[in-house]
Amino acid sequence: MEIADTIAQVRTAIRERRQAGLRVGLVPTMGFLHNGHVALIRESTTSCDVTVVSIFVNPTQFGPNEDLSTYPRDLGRDERTCIDAGVNILFLPTAAEIYPEEFQTFIEPGRLAEPLCGAVRPGHFRGVATVVAKLLNIVQPDAAFFGQKDYQQVAVVRRMVRDLDMPVEIVTVPTVREADGLAMSSRNAYLSVSQRERATCISRGLLAAQAAFRGGEHDASKLVAIAGAEMVDIDSLQYLELRDAETLEPVIGSVTRSAVLLAAAFIGSTRLIDNVIL
Ligand code: AMP
């Protein structure tokens with residue numbers, strides 16, 4: 001596995017392989033890798049000849065009172081995970097490499113970025129879209145891999161790629177869960193043992209609503225209520241909403257087309273998100 005710290009290095013490493021006609025896959029991450037990230041990497045190594053993983057804790061997607069400075073990091077372990085998963089190039093830029101002095105150009109996502117996480121994390125998706133656009137421009141992959149766990153993020157990225165005519169295929173990979181249902185997340189590392197146990201009620205609620213939907217319950221407010229009834233062990237609920245799977249518009253009344261139930265909740269000071277598609 002080649003390690004590239006600079007944009008110039010990663011471009012050189014990829015150029016030779018692209019000239020040889022190889023298909024390039026990109027998996028953007030913030031590191032502290034877990035099996036959710038590995039699932040993305042495996043999708044890439046299966047469908048591409050060259051897999052590039054980026055690890056970059058992107059400052060522009062964090063709000064002023066969020067966890068940028070405490071975000072978990074373990075580069076040694078991440079390198080081993082990438083080698084074991086068959087990654088060819090690991091891109092580890094510094095913040096100064098991505099945002100040099102005088103940096104001033106941002107991507108402004110539209111309506112898809114307004115509700116849900118966009119409403120409670122102002123500027124978050126502007127930072128996400130900007131860094132993803134930069135990574136896509138730097139690596140110029142044939143395909144880029146994103147997790148369904150961050151549902152709104154993939155929706156915003158897909159929209160950006162279409163709206164700005166970026167020549168890349170966006171692949172969504174299903175959410176990888178712990179044995180007890182908790183969606184894998186680097187932020188799960190913040191949880192104490194008892195908080196970790198309490199966190200399972202989020203996926204339990206979402207999966208209960210999904211089961212009810214499959215059992216014939218199509219009333220949007222009842223499905224939300226079924227999920228909410230399970231989420232009693234969280235400390236606070238930021239949102240629990242049923243939305244159109246494509247447009248992210250609220251679903252009111254009966255679910256007549258593909259919908260997604262999304263939740264964001266605090267366990268202590270840790271913010272967790274999860275979703276299921278109905
Ligand atoms: P992060 O490092 O948290 O920014 O995530 C990097 C990528 O991994 C994003 O596309 C996430 O959606 C994806 N990801 C994170 N957790 C999971 C998971 N449990 N299952 C599938 N993909 C995930």
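Let me begin with the contact between helix α8 and helix α9 in this predicted model. On the α8 side, the residues taking part are Cys 201, Arg 204, Gly 205, Leu 206, Ala 208, Ala 209, Ala 212 and Phe 213. They meet Leu 223, Ile 226, Ala 227 and Glu 230 of α9. Sorted by class, this contact of α8 with α9 holds nine nonpolar residues, one polar residue and two charged residues.

Now to the geometry of this pair. Two packed helices are described by the angle between their axes and by the distance between those axes. Helix α8 covers residues 193-214 and helix α9 covers residues 220-230. Their axes lie 7 Å apart, and the packing angle is about 150 degrees. Angles over 145 degrees count as roughly antiparallel, and α8 and α9 are therefore roughly antiparallel to each other. The crossing of α8 past α9 is right-handed.

I turn next to helix α6, residues 124-139, beginning with its packing against helix α7, residues 151-163. The axes of α6 and α7 come within 10 Å and cross at roughly 55 degrees, which makes α6 oblique to α7. Here too the crossing is described as right-handed, with α6 passing α7. From α6, the contact draws on Phe 125, Val 128, Ala 129, Val 132, Ala 133 and Leu 136. Their partners in α7 are Gln 152, Gln 153, Val 156, Val 157, Met 160 and Val 161. This contact of α6 with α7 comprises 10 nonpolar and two polar residues, with no charged residues.

Helix α6 also packs with helix α1, residues 7-19. The axes of α1 and α6 come within 9 Å, crossing at roughly 50 degrees. That angle makes α1 oblique to α6. Helix α1 contributes Ile 7, Val 10, Arg 11, Ile 14 and Arg 18, while α6 contributes Asn 137, Ile 138 and Val 139. By class, the contact of α1 with α6 has five nonpolar residues, one polar residue and two charged residues.

Finally, the ligand. Which residues are the closest to the ligand? Of the 17 residues that surround it, the closest are Met 30, His 37, Asp 150, Val 176 and Met 184. Three of these residues deserve a further word. In the side chain of His 37, an N or O atom is 2.8 Å from an oxygen atom of the ligand. Asp 150 places a polar side-chain atom 2.6 Å from an oxygen atom of the ligand. For Met 184, a backbone N or O atom lies 2.8 Å from a nitrogen atom of the ligand.

Notes:
Residues numbered from 1 in each chain as written. Predicted model: local features only at pLDDT ≥ 70, side-chain atom pairs only at ≥ 80, totals over all residues. Heavy atoms only, no water. Axes fitted to C-alpha atoms, helices over the stretch in contact; angles between N-to-C directions. Helix = DSSP H or I, 4+ residues; strand = E, 2+ residues; numbered from the N terminus. Parallel < 35°, antiparallel > 145°, perpendicular 65-115°, else oblique. Left-handed = near helix turned anticlockwise from the far one by under 90°. Contact = heavy atoms within 4.5 Å. Nonpolar A, V, L, I, M, F, W, Y, C, P; charged D, E, K, R; others polar. Near = heavy atom within 4 Å. Polar contact = N/O pair within 3.5 Å; in protein donor to acceptor, adjacent residues only side chain to side chain.
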